[in-house]
Amino acid sequence: MHRKGHITKDVATQGNFRRAYFGFSEGKHGRESVRKFEENLQENLDRLLQAFATCSWHTSDYIPKEVFKPKHRIVHKSQVEDHVIQWASVLPVERWLMDTMYHRSPACIPDKGTHFFVRQEVNELRRCSQEEVYYYVQLDIHHYFLNISHPLMKDRIRQKIKDPTLLHFLDEFIDSYGIGLVLGVKLSQMLSGLYLAPFDRLAIRCFGIEDDPDKYRYWQERYICDCMATCRTEAQAAELSKGIE
């Protein structure tokens, strides 16, 4: 897929920034910070548009917040103006970027998500016979957002985008958080999906490799250098040890 340039002309428009604001603020108009921003909406949007076009925007400091659902983690709150300019920066190319991701990877993609994934898997399992399905494995990348490499993330973006103004903005956003990508921000969610997209497509090629010794050795040497198994209970430890032995 060719890299996209000349994106700024679509980003730096009044209409795009207004769409970004109303997209972000949907369902949030009861918040004091949103109401305050809207009191001088046109003036604030003009200021953000100018900052984007002149590459002078600097992300505000994040405010950490501890949450417990669906699991315990630390997310970070941003100012309304940060959310709006981040929405505006990628709104014209969001769908295009999402289309570069594997269609069965629903995380952070509009109109998809967890429920879409569950329905997808249930439908496929119903089509399988009992002889075809033996096991399923639930995997998670440990502290994924915190372990996203800034240089690799920037390189990944440059494989899709060549507009210098947008690249400057995205680089500043990535570097605004010390380690990895900040958790709890829309732009981080989109970039995190883009980051893993090449791996998703490569992983698909793993199926059937046990029947091809050369292909098996290639994947083993490329991705498997060590293995660590973790568990929470004695029973899990006993079960895991069987496989390791």
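Select strand 1 and strand 2 to begin: together they form a hairpin, with five residues between them. The model in the viewer is a predicted one. Strand 1 covers residues 63–67 and strand 2 covers residues 73–77, and the two pair in the antiparallel sense over five bridges. Within this pairing, select Pro64 and look across to strand 2, where His76 stands opposite.

**The whole chain**

Now display the complete chain as a cartoon. The protein chain contains twelve helices and two strands. Followed along the sequence, its pattern reads α-α-α-α-β-β-α-α-α-α-α-α-α-α. Of the 245 residues in the chain, 35% are buried. Among contacts with a separation of 6 or more, 64% are between residues 24 or more positions apart.

**The largest nonpolar core**

Next, select Phe17, Ile161, Leu187 and Leu191. In the largest nonpolar core, which has 49 residues, these four touch the most other members. The elements that give two or more residues to this core are helix 2 (14–25), helix 3 (32–39), helix 4 (41–53), helix 5 (80–90), helix 6 (94–99), helix 8, helix 9 and helix 10. Colouring these helices shows where those contributions come from.

Keep Ile161 selected and display its surroundings. Which residues does Ile161 touch, not counting those up to four places away in sequence? They are Arg3, Lys4, Ile7, Trp96, Leu97, Leu166, Leu167 and Leu170.

Move to helix 8, residues 150–158, and select His150, Met153, Lys154, Arg156 and Ile157, which are its buried residues. Turn the view to look down the helix axis: the buried residues fall within an arc of 160°, so they line one face of helix 8. An α-helix has 3.6 residues a turn, so residues three or four places apart point the same way.

Helix 9 (164–175) and helix 10 (186–204) are included in what covers the buried residues of helix 8. Then select Pro151 and Leu152, exposed residues on the face of helix 8 that is turned away from its buried side.

Leu152 also takes part in a contact at the start of this helix. There, a side-chain oxygen of Ser149 reaches to within 3.3 Å of the backbone nitrogen of Leu152.

**Salt bridges**

The structure holds five salt bridges. Three of them are visited here, beginning with the pair Lys9 and Asp10. The side chains of Lys9 and Asp10 meet with an N to O distance of 3.3 Å. Is Lys9 buried or exposed? At 58% relative accessibility, Lys9 counts as exposed. Asp10, at 37% relative accessibility, counts as partly exposed.

Select Arg47 and Glu81 next. These residues form a salt bridge in which the closest N and O atoms are 3.1 Å apart. The pair links distant parts of the chain, since Arg47 belongs to helix 4 and Glu81 to helix 5, 34 residues apart. Arg47 counts as partly exposed at 38% relative accessibility, and Glu81 is partly exposed with a relative accessible area of 22%.

The next pair to select is Glu94 and Lys186, whose side chains meet in a salt bridge at 2.9 Å, N to O. Glu94 lies in helix 6 and Lys186 in helix 10, so the pair ties together parts that are 92 residues apart in sequence. Glu94 is buried, with a relative accessible area of 12%, whereas Lys186 is partly exposed, with a relative accessible area of 25%.

**Two loop residues with positive phi**

The tour ends in the loops. Most residues other than glycine have a negative phi, and most peptide bonds are trans. Select Cys55, in the loop between helix 4 and strand 1. Its phi is near 55°, a positive value in a residue other than glycine. At 31% relative accessibility, Cys55 counts as partly exposed.

Finally, select His143. Where is the place of His143? It is in the loop between helix 7 (114–127) and helix 8. The phi of His143 is near 50°, again a positive value in a residue other than glycine. His143 counts as partly exposed, at 48% relative accessibility.

Methods. Residues are numbered from 1 along each chain as its sequence is written. This is a predicted model: local features need pLDDT of at least 70, side-chain atom pairs count only at pLDDT 80 or more; totals for chains, interfaces and linings use all residues. Side-chain values use heavy atoms; hydrogens and water are left out. Two strands pair if DSSP finds at least two bridges between them. Helices (H or I, at least four residues) and strands (E, at least two) are DSSP runs, numbered from the N terminus. Buried means under 20% relative accessible area, exposed over 50%, partly exposed in between (1.4 Å probe, protein chains only). The arc is that of the directions from the helix axis to the C-beta atoms. Contact means heavy atoms within 4.5 Å. A polar contact is a pair of N or O atoms within 3.5 Å; within protein, one must be able to donate a hydrogen and the other to accept it, and residues adjacent in sequence count only if both atoms are side-chain atoms. A nonpolar core is a set of buried Ala, Val, Leu, Ile, Met, Phe, Trp, Tyr and Cys residues joined through side-chain atoms within 4.5 Å. A salt bridge is a side-chain nitrogen of Lys or Arg within 4 Å of a carboxyl oxygen of Asp or Glu.
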